[in-house]
Amino acid sequence: MNENKKVKEFLDNLKIKYRIIDVSKEFSCLTDALRFLNIKYRYGLKILAYKIERGIILLLTREDRSVDEKRLKQILNVNFIEEASNNELLKLGFPNGKLNFFSLKSKFEIYVDSVVFDVGKIVTNLDSNRFLIEIEREELERFLKDLGFREIEVSFPNPLLQDSDNINIKTVLSGITPSGKALHIGNYYGAVKPQMELQKVVDRSYYFVADLHALTTVQKKEELEECIINNILDFIALGLDPNKSAYFRQSDVPAHCQLAIVLANYIPFSFLKRMHAFKDKLEKGATYDQINMGLFNYPILMAADILLYKPDGVPVGEDQRQHVELSRDIAERFNDTYGKDFFPLPEPLIQSGFSAKVIGTDGKRKMSKSLGNVIGIFEEEEIIKQQIMSCYTDPNRIRATDPGNVEGNPIFIYHDLINDDKDEVCDLKRRYEEGKVGDVEVKEKLFKAHMRTFSSAREKRRKIAGNKDLAKDILCEGAKKAREVAEKSIDEVYEIIGIENEMSCRKMY
Ligand code: AQP
C-alpha cells in the first residue's frame, strides 16, 4: 500500500500516533467516505485554502461546519477573500488540485477553527479519499503546534451535514423561480436535493414557487401558468412530502409583498446596485432602460420571502448567497432601528464542492435555465442525451488517444454528481488521463448513469404529468400553513413600526 508507506515515513518523522483507515472504495469527497464508513461528520477534518491579498492561507475546520467568510475576512483583516479553486490549487503545486493531510506545511499561515479541538479525534483524507487518517486530538494539537497555527472561531453548523444526534436547525425556507419549463441538475444538486433531505430532519420546512419573481422575465400568461404547474409536479417527483413541507405559491401569501414594501426602507440604494442579478445584466450590455424595477428590487422581495418565516437556514445554491446575506443585512438594520431582536439572521445553507454552483454544459457559466446550458431531469431521453453529448469537455484533447484533463472538466463534474457507480467513474477518469477512452464513451456512460439515478423520479413525474388537481391541492394546503405564519409576522412588524395600533382599521375590511 503506497499511501500507507508514504504516510508512515511522513508521520514517523513527526512522532505522531495515527491510524490509517482503508475505505475500500474511492469516493469523490470526504463527506461520502465518512457516510460510507458510518463515521460522524463532526470527526471529519476539512482543509480549505483561501486566497487573500497576501497569498494563500489554510483553514482547518470540521466537516459538519460551514465557514462564515465575512467573519474570516474580519479576523484576517483583509478586504478580499475567496476560496481557491481546484485549478488554482493545481497551479500552486497541490497534487490534483486537492488539499489533504500532506498539504499542512509550515510555509503556510495555518488557521484552525476552535471546534476542531472540541472532539476527541479527527479523520481526514490522504492523497485520495481511498485512505483516511485518524488522529487523536492531543496528537493533532501537538502536530499543529510544531507547524505554527492560530486558533479562531469562524464557523457555524452546516445543517446538511449534522450527525443524527446533533440536529439544531428547526426551520428552513427556500423558493424557486418558475422561469423555465423544467428543473435542471444544477437546481437539483445545488438546492432541491438538500431541501428534500432537510424536510426529513427539521421541524418546519417552507418551500415556495416564486411566481412574482418570475415576472422579471416571464411576461406571457400561459407560459407562467405552465411553468408554475410544472414546477410543483417536478418537486413532487423529486421527493417533496406535503405532510412534512408546506409548498405554496408566493402570490398566495400577500404578506410577502406587504413586508417587501416595509423592508425597502431599511436598505440603501447603493447596496442594491451591488447585487449580482442587476450587475450581471449591466455587464452583459443591458441599459438602465432595459432593466425592470422588478429585477432591481428582487433582493428586497427575496428578503421579505425569507424573513416572514424567521428561518434558521435557507438552502440555496452559491449564486443566491449574496441575496441571503442581504436579507441578513436588512434584518439587522431593522432590528437595530427598533432596538429589538425581532428577525433572527438566516444562514445561507450552501452545499460544498461542485454542487454549490454546478457548471453549465458550455463549460463557462453556471448552469441556468435562461442560458440553455442545462442538463434536464425530466425531458425526453433523446433531449437529455443530446444535452449530454453536446457538453463541453477538455478543449485541448483532439483525439481519444490524447491524455485529457479531468479536473474542472464538466463531464467529470457531472459524473461525480450523478454517477452512483464510483468504480466506473474512477476507471473513466484514469483512462481519460491516460488517453485510453474517448469522449463519446464517457458521455454515453453519463447518460446511462443519469437514466439510472433519476429513473424513479422520471417514472413518478410521468404518472402525475398534467395532474393540475394534485398540484392545486398541495398549493392550497401549503398556502394555508404559510399564511398563518406570514400574517402573524406582518402583524408583528406593523406593530413594531407603528402601523398596527388602536387607530388601525386594517382588519375591519
Ligand atoms: N447551476 C446551479 N448550481 C447550483 N445551484 C443552482 N441553482 C440554480 N442554478 C444552480 C439554485 O437553484 C435554486 C432555484 O433557482 P432559481 O430557478 O430560483 O433561480 P436561479 O438561481 O436564477 O436559477 P437559474 O436556472 O439560473 O434560472 P434563470 O436562468 O431563470 O435565472 C436556487 O437555490 C439556486 O441557487
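Modeller: The answer below starts with that helix, goes on to its partner, and then covers other parts of the chain.

This is a predicted model, in which local features need pLDDT of at least 70 and side-chain atom pairs count only at pLDDT 80 or more, while totals for chains, interfaces and linings use all residues. Residues are numbered from 1 along each chain as its sequence is written.

The helix is H13, residues 321-338; helices (H or I, at least four residues) and strands (E, at least two) are DSSP runs, numbered from the N terminus. H13 has 18 residues and spans 26 Å from first C-alpha to last, close to the expected 26 Å, which is 1.5 Å times one less than the number of residues. Its buried residues are His 323, Val 324, Leu 326, Ser 327, Arg 328, Ile 330, Ala 331 and Phe 334. Buried means 20 or more other C-beta atoms within 10 Å of a residue's own, exposed 12 or fewer, and partly exposed in between, with C-beta atoms placed from the backbone. An α-helix has 3.6 residues a turn, so residues three or four places apart point the same way.

What do the buried residues of H13 pack against? The partners are helices H9 (255-263), H10 (269-273) and H12 (293-307), together with strands E14 (313-315) and E15 (347-349). Just after H13, Gly 339 has a positive phi of about 60°.

H12 packs against H13 at an angle of about 75°, with the axes 9 Å apart; axes are lines fitted to C-alpha atoms, for helices over the stretch in contact, and angles run from 0 to 180 degrees between N-to-C directions. H12 is therefore roughly perpendicular to H13, the term for angles of 65 to 115 degrees. From H12, the contact uses Pro 299, Met 302, Ala 303, Ile 306 and Leu 307; from H13, it uses His 323, Val 324, Leu 326, Ser 327, Ile 330 and Ala 331. Contact requires C-beta atoms, placed from the backbone, to lie within 7 Å. By class, this contact has 9 nonpolar, 2 polar and no charged residues. Ala, Val, Leu, Ile, Met, Phe, Trp, Tyr, Cys and Pro count as nonpolar, Asp, Glu, Lys and Arg as charged, and the others, Gly among them, as polar.

The loop between H12 and E14 holds Lys 310. Its phi is near 45°, a positive value in a residue other than glycine. Lys 310 counts as partly exposed, because it has 19 C-beta neighbours inside 10 Å. Asn 77 also has a positive phi, near 60°, and sits in the loop between helix H3 (69-76) and strand E5 (81-83). Asn 77 is exposed, with 8 other C-beta atoms within 10 Å.

Ile 229, Ile 232 and Leu 233 of H8 meet Lys 468, Ala 471, Ile 474 and Leu 475 of H19, a set of 6 nonpolar, no polar and 1 charged residues.

Helix H18 (residues 455-464) is hardly covered, with 0 buried among its 10 residues. Gly 466 follows H18 and has a positive phi, near 75°.

Technical notes. Contact = placed C-beta atoms within 7 Å. Parallel < 35°, antiparallel > 145°, perpendicular 65-115°, else oblique.
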